[in-house]
Amino acid sequence: MSGSPPRDPATVRVWSTLPDGAREAIGALGSSDLQTLLADVLTHRAERITAADVRRRWESDRLVRPSTSDPRALAALEARLWQRVPTAFDALELSPVTPFGTCAALAGMGQDRIVSTARGSEVVSDSTTTLAVEAARRRRAQSSEQEVHLAAGHRQLRTQTMGGASAHFRLLTLVSSARDKGSGSTEADLLVRQLRTWQAVIAEAVPELETTIEISAWSPVLADRLADRVRPALAEIPRMAVVDAPDRTRAKGYYTDLALRLEVSGPDGPVEVGDGGLTGWTAALTENRKERCLVSCVSTERLLALAGG
């Protein structure tokens, strides 16, 4: 909290109510001392909370309201979808929290979009970043020839308003990490593996609907691999079209060199059910620039809605 002054007007107003130097003093605390301070403040505040306060917060706070999805139908669908995820992907049941600053450090996300805790952690808002941390831990213990493929089904919590959508939602996520073999071959192999998985998953959920995979290759090398390796490997998959979208700008920078979008043709028009792309996350975490990382996800609740659940 030390350093340049806050620019958000609300934040400036709050700091102005505190004694001079408070921001610098709190910012200078070590992590353990800061956690102790925050825990004490929250304990003191909790002692004053009444049942009526909890009821009012439940009614007004979108972060705590339940999802509108039927948990029985969603659990049944996800159980079927997991049967379509190859065993090459190690399945993980993630903790509800991840180290504080995970999304900020890896994906450049503002901490204001994330629910932080007083214990040096944050509620998982993007399970691909959390899986990337675990992938990097495993890659550091492997030989350069080995690979890591992870999968998780997890509920994400995000504070930003997304067109009236729920603040929390479930995603089925895949993260793969491997050492660069040159000429885009590693990236192509990871892409084929994940896209084949998503085709099987989506076909299990909505077998009668067409799937479109939009791929944006921002690197000439990867554009060549898309043409000579990825497309031929996916050509015989039924009810799935692969289209190029080199002019896409959304999430450029969040994803590096390549991004993808998964769309299903629903009865009321196309519905985006997932996305993904190449990132530099495991390269940063392993401190090895030759490490390649592909992440992707689908919304199981959107698939449930398309399936009529």
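This is a predicted model: local features need pLDDT of at least 70, side-chain atom pairs count only at pLDDT 80 or more; totals for chains, interfaces and linings use all residues.
Colleague: Is L29 buried, partly exposed or exposed?
Modeller: L29 sits in the loop between helix 2 (22-27) and helix 3 (31-46); helices (H or I, at least four residues) and strands (E, at least two) are DSSP runs numbered from the N terminus. Buried means under 20% relative accessible area, exposed over 50%, partly exposed in between (1.4 Å probe, protein chains only). L29 has 33% relative accessibility, so L29 counts as partly exposed.

Colleague: And F169, buried or exposed?
Modeller: F169 belongs to strand 5 (residues 168-179). Its C-alpha atom is 8.2 Å from that of H154, 15 residues away along the chain. At 15% relative accessibility, F169 is therefore buried.

Colleague: How many salt bridges are there?
Modeller: The rule takes a side-chain nitrogen of Lys or Arg within 4 Å of a carboxyl oxygen of Asp or Glu. One example is D70 with R72, at 3.5 Å between the closest N and O atoms. By this rule the count is 25.

Colleague: In the D70 and R72 pair, which residue is exposed?
Modeller: D70 has 34% relative accessibility, so D70 is partly exposed. With a relative accessible area of 68%, the exposed one is R72.

Colleague: How many residues apart in sequence are the parts that R138 and D90 tie together?
Modeller: R138 and D90 form a salt bridge, with the closest N and O atoms 2.7 Å apart. R138 lies in helix 7 (residues 127-140) and D90 in strand 1 (residues 90-92), so the pair ties together parts whose separation in sequence, in residues, is 48.

Colleague: Which residue is buried, at 3% relative accessibility?
Modeller: Look at the salt bridge between the side chains of R179 and E291, 3.0 Å from N to O. The pair links distant parts of the chain, strand 5 and strand 10 (residues 291-299), 112 residues apart. R179 is partly exposed because its relative accessibility is 22%. The buried residue, at 3%, is E291.

Colleague: Which residues do salt bridges with shared partners join into one network?
Modeller: Side chains of opposite charge can pair when their charged atoms come close. Here shared partners link the bridges into one network of E214, R250, R261, E263 and E272.

Technical notes. Residues are numbered from 1 along each chain as its sequence is written. Side-chain values use heavy atoms; hydrogens and water are left out.
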